[in-house]
There are 2 protein chains.
Amino acid sequence: MQRPTIADIARRAGVSKGAVSFALNGRPGVSAATRARILRVAEEINWRPHSAARALGGARADAVGLVIARPARTLGVEPFFARLLSGLQAEFSSQSIALHLMIVEDTQAEIEIYRRWVSERRVDGLVLIDLKVRDPRIAVVEQLGIPAVVVGGPGRHGRVSSVWADDRTAMLSAVEYLAVLGHTRIAHVSGLPEFQHTQRRSRALRDAATRLTLPRARSLHTDFSDAQGAAATRKLLAGANRPSAIIFDSDLMAVAGLGVALEMGVAVPHELSIISFDDSVLAQLTHPSLTALSRDTYRFGVQAAQAMMAVLADPTKTKNHKTETPRLIARESTSPTRN
Amino acid sequence: MQRPTIADIARRAGVSKGAVSFALNGRPGVSAATRARILRVAEEINWRPHSAARALGGARADAVGLVIARPARTLGVEPFFARLLSGLQAEFSSQSIALHLMIVEDTQAEIEIYRRWVSERRVDGLVLIDLKVRDPRIAVVEQLGIPAVVVGGPGRHGRVSSVWADDRTAMLSAVEYLAVLGHTRIAHVSGLPEFQHTQRRSRALRDAATRLTLPRARSLHTDFSDAQGAAATRKLLAGANRPSAIIFDSDLMAVAGLGVALEMGVAVPHELSIISFDDSVLAQLTHPSLTALSRDTYRFGVQAAQAMMAVLADPTKTKNHKTETPRLIARESTSPTRN
């Protein structure tokens with residue numbers, strides 16, 4: 001079907017194109033009766049102002065962009081992303097804003113997409129996730145001059161707003177809880193070392209280990225997949241000086257790690273305590289159920305979208321918005337150490 | 001930052017706007033050296049052809065639209081949607097196509113979004129999910145003349161392509177398996193009755209019940225939420241003639257139903273067999289693990305995206321693409337009946 005044009009309206013209403021233009025733009029030059037007839041015809045044939053024409057006049061795209069540089073299949077099984085996306089979508093949708101999504105290989109490809117979307121006016125703003133140490137996206141976003149919100153923080157992101165949770169305090173609370181239970185050999189199966197949130201958690205573990213005198217505390221890096229989470233757990237449990245407790249950086253990896261412990265005949269929690277850094281129905285359904293650092297990830301997504309709406313409303317006002325700190329919920333996977 | 005214009009390039013390169021226009025459009029009228037200088041400046045200041053101007057010329061939006069009329073919070077915990085979306089995104093992203101997403105209240109709002117996106121050229125095509133009986137979206141999409149793919153089927157959708165799985169055969173296989181185990185009191189906790197996939201499953205249960213002489217077979221409708229799944233299970237287990245087996249229309253509802261059985265002291269599988277219509281890590285992690293109708297939902301999403309790409313390449317060629325039939329995987333939640 002061809003898009004209806006002003007000429008189509010003019011023909012159907014039996015008036016000139018100029019009259020249609022006057023009527024549609026609310027300008028004088030046509031009678032009230034003619035204006036009403038023109039508007040009725042426009043409605044009948046589903047005429048809308050052309051977004052292209054509107055964009056030339058500076059109108060909005062009514063969409064916010066989100067580019068994800070992680071494997072697509074992982075996204076489908078990782079509860080964190082599904083819930084973050086739901087929260088973002090719910091809030092944007094309530095404002096009639098679409099979420100414009102793409103998955104890419106790496107940060108360079110992500111930046112190329114940003115440039116394209118901005119120059120082609122596909123989006124009014126960008127939500128950035130998985131911030132890296134010295135992340136090149138911040139400078140690009142500032143140079144492009146597009147409103148942006150970083151999910152994660154609380155670093156300085158120039159003029160870019162951020163929404164973040166205090167991972168450091170959450171990690172400290174988990175380590176301190178394990179220390180109270182008598183654990184001294186604590187391991188951390190973490191995400192990618194270039195991510196800021198991974199570094200913050202690893203640093204928190206090191207700091208707590210120094211303060212509480214836990215010389216064997218250490219972080220093993222993974223790509224967040226259940227496969228690498230399982231492999232890291234096997235390595236830890238097969239080695240000398242097996243840890244008595246492991247903190248996993250996601251519920252998906254914690255569940256995979258629990259599976260490895262069962263497979264290797266290591267009893268949870270009596271020989272190994274497990275804490276998941278992220279709670280979900282996954283963590284609650286396992287047997288034993290998992291002690292977890294819990295927060296409302298859906299709400300986190302809503303808050304990120306709200307921060308985006310605030311920046312869209314007034315791009316000069318940026319702020320760091322701190323959300324609730326994940327809090328520890330003790331379930332069946334942790335117990336006092338026996339040695 | 002203002003979007004760079006042809007005037008900016010002209011000023012920086014020290015030439016006229018006309019010369020820039022000639023150079024950028026590959027037309028004669030400027031020397032090779034000037035053309036090279038102009039293109040270098042355009043690159044430096046990140047100039048791109050204006051999407052609005054391109055759209056006026058009929059260029060593509062490089063995006064496919066998906067509108068979901070289900071509660072956002074449910075989407076975040078339902079593994080089916082997360083994996084379907086991942087598959088869609090992975091395939092579209094590999095073709096540099098964005099997924100343009102919005103969540104709405106109902107079908108009327110969904111249609112309004114379709115009209116807006118099409119008239120504003122936000123998307124090149126639409127993916128339709130949760131098809132209803134006599135779904136009004138099919139006629140709207142045909143009238144709008146936009147390429148579309150229906151996920152679910154296998155009904156006649158006019159000139160609209162579809163990607164579907166044989167829910168009927170899958171449901172029959174589950175009922176026959178339960179009948180072989182000796183179950184005669186079989187209940188079905190289903191989704192929304194206006195959905196075609198719900199109706200197909202309920203009808204398959206009725207047909208199997210007639211053939212196998214299972215007079216107490218019945219479907220209870222829900223909105224797919226874990227809350228209504230739990231409520232339906234409570235009603236079934238508290239009533240006279242308690243079913244000896246329940247088939248749930250999603251893994252999320254099956255897990256909720258299992259929780260209700262435990263809470264009411266009904267032993268699974270010895271007093272109640274449970275089958276989940278959809279498999280996932282959720283179904284595998286419960287205790288007992290759930291017998292499930294299983295398929296690769298990620299791949300289902302990829303196939304839907306591929307069907308969309310085919311229609312975008314040639315809108316005159318529509319087809320019904322049948323994907324793998326979900327097959328029954330027996331786990332710990334089903335056993336022969338004792339009575």
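I looked up A:D167 and A:R201 in this predicted model and found both residues buried. Their side chains form a salt bridge, with 2.9 Å from N to O. A:D167 belongs to helix α9 (residues 167-180) of chain A and A:R201 to helix α10 of chain A, so the pair ties together parts 34 residues apart in sequence.

Next I turned to chain B. There I found B:R201 in a salt bridge with B:D249, at 2.9 Å from N to O. B:R201 is in helix α10 (residues 196-212) of chain B, while B:D249 is in the loop between β8 (245-248) and α12 (251-263) of chain B, so this pair ties together parts 48 residues apart in sequence. I noted B:R201 as buried at 7% relative accessibility, and B:D249 as buried at 3%.

I then checked A:R11, which forms a salt bridge with A:D8; the closest N and O atoms are 2.7 Å apart. The two are 3 residues apart in helix α1 (residues 6-13) of chain A, about one helical turn. A:R11 is exposed at 61% relative accessible area, whereas A:D8 is partly exposed at 21%.

I also recorded a salt-bridge network linking A:D62, B:E120 and B:R122. The count over all chains is 32 salt bridges.

Last, I followed the sheet of chain A. Its 6 strands make an open, mixed sheet in the order β7-β6-β8-β9-β10-β12. I noted β7 (218-221) and β12 (327-329) of chain A as the edge strands. Strand β10 (residues 291-294) of chain A runs antiparallel to β12(A), joined by 3 bridges. Helix α10 (residues 196-212) of chain A lies across β6 (186-190), β7 and β9 (273-277) of chain A.

Key. Residues numbered from 1 in each chain as written. Chains lettered and ligands numbered in written order. Predicted model: local features only at pLDDT ≥ 70, side-chain atom pairs only at ≥ 80, totals over all residues. Heavy atoms only, no water. Pairing = 2+ DSSP bridges. Helix = DSSP H or I, 4+ residues; strand = E, 2+ residues; numbered from the N terminus. Contact = heavy atoms within 4.5 Å. Axes fitted to C-alpha atoms, helices over the stretch in contact; angles between N-to-C directions. Salt bridge = Lys/Arg side-chain N within 4 Å of Asp/Glu carboxyl O. Buried < 20%, exposed > 50% of the residue type's maximum accessible area, 1.4 Å probe, protein only.
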